[in-house]
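Reader: Please take a close look at one part of this model for me. Then show me what lies around the rest of the fold.

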Amino acid sequence: QLKIGVRYLDIRYGPDPKDDKAVLDQHGIVRGGSVWKHFIEIRDFCRDHPMEFVVINFQNEAKISQKAKTLALRRLAGVLGGLLVSQEDCDTWFRLDKVTLGEIWATKKRILLLSHPHLTEDCELTPEEMRKTGVLPVSEFQLSQWHDVNNVDELLERNSEWLNKRPTDRLFVSQFVLTAERDITSIVRNVFVFKLPTILNFVER
């Protein structure tokens, strides 16, 4: 995604059933590998392209243990290091409604990491420690709306209404994604009858 120009990344995570200290990729019921490979890729990209800026929306799909939360937050600080915009930056020069690329380029800060409440609840690290590191609450920096519809016309209409509520002091996310059919039979049929042959043909090539 970074290579084709995407600079807003929605990274979802969940627990590893085999290891209560691990954090895996997860979106819905689908699990992947370790979530840390993404952060390492983002770190390397930002170091290789120092004039780029990336926003990460880090959100849980399922609960992880307290131990996993603490380790995750410490590892975030270790992997992304001085690239993260901190609370101190936000209190001084990094104001969303005023900051310029020139001001960003004058620093080493290249990533705005926004976290949802689950990651910071019942954690050994205090909210102040997280903000100091650069793990910032999404509610203070972004507005986003999942419209939860499966009709294109309705989706466009809701996004049009949503755009009229756009603020100037926070990031604003318009989601133009349709909700999948909720009937499990339709979902399974769609994946195995229509999608799977296409995927297999691609892999074979």
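Author: Leu178 counts as partly exposed because its relative accessibility is 36%. (Buried means under 20% relative accessible area, exposed over 50%, partly exposed in between, with a 1.4 Å probe and protein chains only.) Leu178 sits in the loop between β8 (171-174) and α8 (184-204). Helices (H or I, at least four residues) and strands (E, at least two) are DSSP runs, numbered from the N terminus. The model is predicted, so local features need pLDDT of at least 70 and side-chain atom pairs pLDDT 80 or more, while totals for chains, interfaces and linings use all residues. Residues are numbered from 1 along each chain as its sequence is written, and side-chain values use heavy atoms, leaving out hydrogens and water.

Now the sheet. Six strands make an open sheet in the order β3-β2-β1-β4-β5-β6, with mixed pairing. Strands pair if DSSP finds at least two bridges between them. β3 (30-34) and β6 (135-137) are at the edges with a single partner strand each, so one side of each has no neighbour in the sheet. On average, neighbouring strands are turned by 40° against each other, direction ignored. β5 (111-115) pairs with β6 in the parallel sense, over three bridges. Leu114 has Leu136 of β6 as its bridge partner.

Helices pack here too. α1 (36-48) touches β1 (8-16), β2 (19-27), β3, β4 (54-60) and β5. Contact means heavy atoms within 4.5 Å. The direction of α1 makes about 170° with that of β4. Axes are lines fitted to C-alpha atoms, for helices over the stretch in contact, and angles run from 0 to 180 degrees between N-to-C directions. α2 (66-80) lies across β2, β4, β5 and β6, at about 70° to β2.

Next come the charged pairs. The model has nine salt bridges, each a side-chain nitrogen of Lys or Arg within 4 Å of a carboxyl oxygen of Asp or Glu. One joins Glu61 to Arg12, with the closest N and O atoms 2.5 Å apart. Glu61 is in the loop between β4 and α2 and Arg12 is in β1, so the pair ties together parts 49 residues apart in sequence. Arg12 is buried, at 17% relative accessibility. Glu61 is partly exposed, at 27%.

Asp89 belongs to helix α3, and Lys109 to the loop between α4 (101-105) and β5, so parts 20 residues apart in sequence are tied together. Asp89 is buried at 10%, and Lys109 is buried at 17%.
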